[in-house]
Amino acid sequence: MTRSQDVQDVIDLLEAEAETNRDPEDTPDVGIIMGSDSDLDTMYGAYEALTELGFEEVTDYDDPPETEFTFETFVVSAHRTPELMYVYGETASERGLDVIIAGAGGKSADLPNMTASIAYPIPVIGVPVQEKSVDSVIGMPTGAPIVAVDAGKSFNAALSAVQVLARAHPELVGRLEDYHDELQDGVGAVSKRLHGEGTETFRAKRD
């Protein structure tokens with residue numbers, strides 16, 4: 001049993017939510033967890049991607065946003081709060097999560113891997129917060145799968161999470177396609193300007 005009342009409060013919250021048996025429409029679709037709040041700047045990309053695609057953050061289970069697709073965010077340390085990590089992963093399915101994005105840094109970035117094992121078969125997308133975290137995050141043995149993105153690419157992790165959800169929610173396919181079309185439009189506009197203005201003029205204006 002943890003000695004921290006704050007940690008116990010979060011554990012109690014998760015366990016109580018797992019027993020609530022809410023309508024799936026009222027539960028978060030995506031969980032974002034990170035090993036420390038120092039990882040938040042890196043993991044903020046996941047927040048940006050999800051909100052750009054129309055998701056809203058759940059901060060109160062009893063008063064969820066009215067939007068159809070939502071996510072939650074917690075700090076869960078594999079090494080400092082292993083009991084919290086276990087409860088988070090163990091209750092993920094009962095709390096309605098369909099996919100988890102987990103980020104951790106350092107050479108022993110175990111949060112994504114351990115969460116993937118505990119929450120199985122819910123897919124977990126690992127985000128190595130630092131380059132030195134890559135080997136740790138992707139180093140799962142055969143039979144214990146995890147999906148991972150490159151170091152710091154939490155935005156891509158969130159896009160992958162939405163791709164997973166889109167298999168069951170066709171409206172998300174449209175949102176992903178619209179996002180991709182915007183990226184293409186941006187490249188096309190820049191290409192036209194570069195060709196029309198010439199390299200030197202374009203470069204001077206860009207600087």
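Guide: Let us start with pairing: two strands pair if DSSP finds at least two bridges between them. Helices (H or I, at least four residues) and strands (E, at least two) are themselves DSSP runs, numbered from the N terminus. This is a predicted model, in which local features need pLDDT of at least 70 and side-chain atom pairs count only at pLDDT 80 or more, while totals for chains, interfaces and linings use all residues. Residues are numbered from 1 along each chain as its sequence is written, and side-chain values use heavy atoms, with hydrogens and water left out.

Visitor: How do you know that S5 and strand S6 pair?

Guide: The definition asks for at least two bridges, and S5 and S6 (residues 147-148) have two, in the parallel sense; Ile 125 stands opposite Val 147 in S6. Strand S4 (residues 99-104) also runs parallel to S5, joined by five bridges, and there Ile 101 is opposite Ile 125.

Visitor: Why is strand S5 called largely enclosed?

Guide: Buried means under 20% relative accessible area, exposed over 50%, and partly exposed in between (1.4 Å probe, protein chains only). Five of the five residues of S5 (residues 124-128) are buried, so the strand is largely enclosed by the rest of the structure. Both of its faces are covered, with Val 124, Gly 126 and Pro 128 on one side and Ile 125 and Val 127 on the other.

Visitor: Why is Asn 21 called exposed?

Guide: Its relative accessible area is 67%, and the cut-off is over 50%, so the term applies. Asn 21 sits in the loop between H1 and S1, and it has a positive phi of about 60° although it is not a glycine.

Visitor: What makes a set of residues a nonpolar core?

Guide: Such a core is a set of buried Ala, Val, Leu, Ile, Met, Phe, Trp, Tyr and Cys residues joined through side-chain atoms within 4.5 Å. The largest one here has 28 residues, and those touching the most other members are Leu 14, Ile 33, Phe 74, Val 76, Tyr 88, Ile 100 and Leu 111. Helix H3 gives the largest share of this core, four residues.
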